[in-house]
Amino acid sequence: MARFTGRSAIVTGAARGIGAAYARALAAEGAAVVVADQNTEDGSAVAAKIVADGGTAKFSPVDVSDPESAAALADFVVAEFGGIDHLVNNAAIYGDMKLNLLLTVPWDYYRKFMSVNMDGALIMTRAVWPHMSARGSGSIVNQSSTAAWLYSSFYGLAKAGVNGLTQQLAAELGGSGIRINAIAPGPIDTEATKAVTPAAIVDEIVARLPLKRMGTPADLVGACLYLLSDEASWVTGQIFNIDGGQIIRS
Ligand SMILES: NC(=O)c1ccc[n+]([C@@H]2O[C@H](COP(=O)([O-])OP(=O)(O)OC[C@H]3O[C@@H](n4cnc5c(N)ncnc54)[C@H](O)[C@@H]3O)[C@@H](O)[C@H]2O)c1
């Protein structure tokens with residue numbers, strides 16, 4: 001099944017981890033993919049591997065916290081692929097984030113963090129939506145986290161903001177035929193998670209999960225592609241927990 005043949009898709013933060021898995025999966029289903037990241041070396045390698053495997057991909061540098069950089073990325077995609085159909089707002093400061101409390105985090109770091117992890121999704125959406133609107137359709141997936149529902153300081157606050165953005169933007173974008181949803185993953189086994197979460201803490205988290213294992217990027221791919229695809233054509237403004245059962249509402 002190739003749900004994305006003839007479509008273009010931007011995946012931010014696709015130089016590694018979950019974003020790279022999304023980019024590869026979109027390309028495998030026919031999309032022309034733009035691997036967008038501030039990490040040029042790893043991002044270029046992801047795009048080159050997709051091309052070597054028979055897909056269509058380009059790397060473009062981007063800083064999602066910078067509106068000019070986001071606009072340049074959108075222009076690049078239109079120039080390369082004739083328009084923009086899909087966006088995955090996956091980029092975030094995560095693997096190397098500083099751990100601190102909301103009460104004590106240095107203000108400059110907090111502002112920088114929120115500008116990437118929350119505003120980045122809005123900045124990118126503002127850059128691409130006129131191009132989607134020109135085509136009369138488009139779909140966006142925001143990468144949230146179950147951290148939005150749990151205590152995790154400014155990381156969780158940024159993801160709660162991403163959830164709010166998803167809901168508010170659904171109302172603003174729907175009239176242009178553009179859908180926007182979010183995936184809230186539970187703990188996913190990536191290099192970034194290994195860097196930020198000690199193994200003993202991971203073991204404790206896994207012991208509390210109904211499905212008793214960490215997730216993998218592959219566990220998220222199906223939900224991301226579904227939400228981007230026409231199969232989800234009457235789904236917008238929703239937040240989907242893909243989390244091994246971590247969040248169970250009573
Ligand atoms: N791994 C998990 O357990 C987990 C769980 C829930 C949600 N998430 C979310 O999933 C996403 C990816 O997680 P991951 O584990 O693959 O992390 P990761 O750190 O490997 O990937 C993040 C990517 O974003 C890029 N990036 C950072 N700042 C950027 C900026 N300003 N502009 C452009 N690119 C930038 C990084 O270079 C990196 O390639 C993040 O949004 C993270 O918050 C991860």
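Both Tyr-109 and Phe-154 are buried, where buried means under 20% relative accessible area, exposed means over 50%, and partly exposed lies in between (1.4 Å probe, protein chains only). The structure is a predicted model, in which local features need pLDDT of at least 70, side-chain atom pairs count only at pLDDT 80 or more, and totals for chains, interfaces and linings use all residues. Residues are numbered from 1 along each chain as its sequence is written, and side-chain values use heavy atoms, with hydrogens and water left out.

Tyr-109 and Phe-154 form an aromatic pair. Rings of Phe, Tyr and Trp (its six-membered ring) pair if their centres lie within 6.5 Å; planes under 30 degrees apart count as stacked, over 60 as edge-to-face and the rest as tilted. The pair of Tyr-109 and Phe-154 is edge-to-face, with 6.0 Å centre to centre and 75° between the planes. Tyr-109 lies in helix α4 and Phe-154 in helix α6, so the pair ties together parts that are 45 residues apart in sequence. Helices (H or I, at least four residues) and strands (E, at least two) are DSSP runs, numbered from the N terminus. One aromatic cluster contains Tyr-109 and Phe-154 together with Tyr-94, Phe-113 and Tyr-155.

The count of aromatic pairs comes to six. One of them joins Trp-107 and Tyr-110 and is stacked, at 4.8 Å centre to centre and 25° between the planes. Both residues lie in helix α4 (residues 107-117). Three residues separate Trp-107 from Tyr-110, about one turn of the helix. Trp-107 is exposed, with a relative accessible area of 55%. Tyr-110 is buried, at 15%.

The ligand was examined next.

Polar contacts were then listed. A polar contact is a pair of N or O atoms within 3.5 Å; within protein, one must be able to donate a hydrogen and the other to accept it, and residues adjacent in sequence count only if both atoms are side-chain atoms. An oxygen atom of the ligand lies 2.7 Å from a polar backbone atom of Asn-90. For Tyr-94, the distance from a ligand oxygen to an N or O atom in the side chain is 3.4 Å. For Lys-159, the corresponding side-chain distance is 3.0 Å. Taken alone, the ligand exposes 830 Å², and the protein buries 95% of that. These areas come from the Shrake-Rupley method with a 1.4 Å probe; for residues, only the protein chains shown count as cover.

With 250 residues, a compact globule would have a radius of gyration near 18 Å; the chain has 17 Å, which agrees. This radius is taken over C-alpha atoms, and the globule rule is 2.2 Å times the number of residues to the power 0.38. Along the principal axes, the C-alpha atoms fill a box of roughly 45 × 40 × 35 Å. Buried residues make up 52% of the 250 residues.

Several single residues complete the picture. Ser-139 is found in strand β5 (residues 138-143). Ser-139 is buried, with a relative accessible area of 2%. A polar contact of 2.7 Å joins its side chain to that of His-86. Leu-73 lies in helix α3 (residues 67-81) and is buried at 0% relative accessibility. Its C-alpha atom is separated by 9.9 Å from that of Phe-59, 14 residues apart along the chain. Arg-126 lies in helix α5 (residues 119-135) and is exposed, at 59%.

Backbone angles were also inspected. Ser-153 has a positive phi of about 55° although it is not a glycine. Ser-153 is placed in helix α6 and counts as buried at 10% relative accessibility. Lys-212, also a residue other than glycine, has a positive phi near 50°. Lys-212 is found in the loop between α8 (199-208) and α9 (217-228).
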